[in-house]
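Morning, everyone. Please have the sequence and the model open on your screens while I talk.

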Amino acid sequence: MIGRIRNLEDYTVAYRTSVNEPEAFWAQQAESFYWRKKWDKVLDWDFEDYNVNWFKGGKLNITENCLDRHLLERGDKTAIIWEPNDPKEPNRTFTYKELHSEVCKFANVLQNNGVVKGDRVCIYMPMVPELTIAVLACARIGAIHSVIFAGFSASSLSSRVQDAEAKIVLTSDGAYRGAKTLDLKPIVDEALEFSDSVEKVLVLQRTQAEINMQEGRDLWWHEELAKADDQNAAVETDSEDPLFILYTSGSTGKPKGVVHTTGGYMVYTWYSFLNVFQYEENDVYWCTADIGWITGHSYIVYGPLLAGATSLMFEGVPTYPDAGRFWRICDKYQVNIFYTAPTAIRALMAYGLEHVELYDLKSLRVLGTVGEPINSEAWHWYHDHIGKNKCPIVDTWWQTETGGIMISPMAGITPTKPTYATLPLPGIQPVLLDSEGKEIEGKGVEGNLCIKFPWPSMIRTTYGDHERCKQTYFSTYKGYYFTGDGCKRDEDGYYRILGRVDDVINVSGHRLGTAEIENAINLHSAVVESAVVGYPHEIKGQGIYAYVICDGDMVEASDLEDIKKEVIATVNKAIGPIAKPDKVQIVRGLPKTRSGKIMRRILRKIAEGDTNNLGDTSTLLDPSIVESIKEGAQ
Ligand code: WTA
């Protein structure tokens, strides 16, 4: 059965086949694509000494499958609709033919500037069509794109550019975000001060802000484009050649570059897009994510274009010019499938129904969520007021590392249950493990979510450091991919994600490592040590609570309020606004065990306001610290 699942029976059959005969199952799906040469072997794998190959030996170019393949049948169909930040600015649309020609042109621009197969291209841009074009142009010439969310600071950008040893950076003068105009190019300039690998910077004009162009390094996008031809023969890649790097936070150290390769990623993003959303040929599909995150990669760019869909891209924010913007856009383009994050739903819920009731929303057929657990209240609001009780909600669980949706209902097919991601997609074999690493069988159980068999779009390595990939994902439980999430399997066999079990915080659907935020806080000269935990936040899902020890010699009691503000500003500068602590508490010490380990469990409880139930504190070096922290809690 290629591609489509139409009912529960199809799902059951597809699932069973995918487990019993995974290679035959995925080979069949892969037949949908244009391969210059078929693969030698569907799968070989080793979860002990981690190594996975899908469709190895297969030769292809993913953009031939996203674009060229559609030209005959869908050349004049709209591929991309772009809605600008300012609703008064004209929108832009690209048919498949037009997108193909723009991608070819930009591929030529990259090649004219010396970019060749295997080179890394860092992209730091707003949500404009040129971003999608740039991503695809990299893929067309076999260069590895690394998109960096344009909300990251110069220092975050710099460390990513350096880690990837990028040859070229693509950016714009600035960006519009709601009522704000942001400068991007100066951030790139600052980030590149310490980079030796970057030879050129291509700059798109978006805000017309005055910027510096560095002689010999910086080039204007439009000038380069004017010199480029619109024909470009796609470069042949192997299935297992890297397609992109995307940096993501983990529980330790600096963000790691998750590497995805070409063939398996292509097959899986297409397959999951079709089935989860039950996409139909003339649907208008809108995913509100930013292409700086994995959701944008897999479900704005690759999945939809591989399926020949019309994918809407939005430059702005949900609350500009008012909190009805999403719904106005849904009506304007008659959106059929709408995919967003729980944090956006909660934020819009708080603005009240008057912003929803102005719109008809009749075109909507399927709703989706991603990025964090959705609470029951938000689920019902979304279902009742946006979906008008008739649109199934697909609560899709997955990760940057998984490349595509792993556990989710198939829209309108799998009976849904609020707050449950429900059942695994075909090809995905989840298991729950206990702390000893034993599989927990049966129903009505909880454990650590692992996957026991490879799937085509899984992470291949962490860029430049394969050992770290093995350590992070394949060492906690031998022979399994460990997700870092806790999970419940209920009486119906449905999965419900309970949240991270490691030191990762999920703020508004953005993943942040506590160590990363602590390192940023510690950059402040008056800070001696800090500890960061997540706590429940009504809109963001989780908020960031920072406990900070200051150097007594440097800080007067009267300065404490200023210090808190400076700590927040320091994080903003080091990582970006998404990582700013919501609460900062200055403490005289942290609850440490005799071996010097911070007992985060206690800090989490205090941050949650659950101070009566701190559990055993007897192993602490100085239990009185806990009392003093409790007194100062916010
Ligand atoms: C969380 C985003 C509950 C989870 C695609 C995971 C979710 C992390 C859901 C990955 C969901 C994602 N329900 N939790 N539907 N989707 N998560 O890498 O903790 O940015 O491990 O990928 O987000 O975040 P990432």
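First, the ground rules. This is a predicted model, where local features need pLDDT of at least 70 and side-chain atom pairs count only at pLDDT 80 or more, while totals for chains, interfaces and linings use all residues. Residues are numbered from 1 along each chain as its sequence is written, and side-chain values use heavy atoms, with hydrogens and water left out.

Let's start with the record. An unreviewed UniProt entry places "domain: Acetyl-coenzyme A synthetase N-terminal" on residues 11-66. UniProt positions are in the numbering used here, feature names are shortened, and annotations may be inferred rather than shown by experiment. In the model, that span is 43% helix and 25% strand, and its end C-alpha atoms lie 26 Å apart. Helices (H or I, at least four residues) and strands (E, at least two) are DSSP runs, numbered from the N terminus.

Next, the sheet. Which strands form it, and in what order? Four strands make an open sheet, β21-β22-β24-β25, with antiparallel pairing. Two strands pair if DSSP finds at least two bridges between them. At the edges sit β21 (430-433) and β25 (495-500), each pairing on one side only. On average, neighbouring strands here are turned by 45° against each other, direction ignored. Now look at β21 and β22 (residues 445-451). Four bridges join them. L433 has N448 in β22 as its bridge partner.

On to helices. Is α11 enclosed or open? Of the 13 residues in α11 (residues 294-306), 13 are buried, so the helix is largely enclosed by the rest of the structure. Buried means under 20% relative accessible area, exposed over 50%, partly exposed in between (1.4 Å probe, protein chains only). Just after α11, G308 takes a positive phi of about 70°.

Now a helix pair. α17 (residues 514-521) and α18 (residues 560-574) pack at about 115°, with axes 8 Å apart. Axes are lines fitted to C-alpha atoms, for helices over the stretch in contact, and angles run from 0 to 180 degrees between N-to-C directions. Who meets whom? I517, A520 and I521 in α17 meet V567, T570, V571 and A574 in α18. Contact means heavy atoms within 4.5 Å. The residues of this contact divide into six nonpolar, one polar and no charged.

Some backbone angles now. Most residues other than glycine have a negative phi, and most peptide bonds are trans. F55 has a positive phi of about 55°, and F55 is not a glycine. F55 is in strand β2 (residues 51-56), and F55 counts as buried at 0% relative accessibility. Q334 also has a positive phi, near 50°. Q334 lies in the loop between α12 and β18 (337-340). Q334 is partly exposed, at 42% relative accessible area. Then the peptide bond from Y320 to P321: cis, with omega near -5°. P321 is in the loop between β17 (310-314) and α12 (325-333).

Last stop, K597. The unreviewed UniProt entry lists K597 for "modified residue: N6-acetyllysine". Where is K597? In the loop between β30 (583-587) and α19 (600-608). Buried or exposed? K597 is exposed, with a relative accessible area of 59%. Leaving aside neighbours within four places in sequence, K597 is in contact with P591 and K592.

How values were computed: Nonpolar A, V, L, I, M, F, W, Y, C, P; charged D, E, K, R; others polar.
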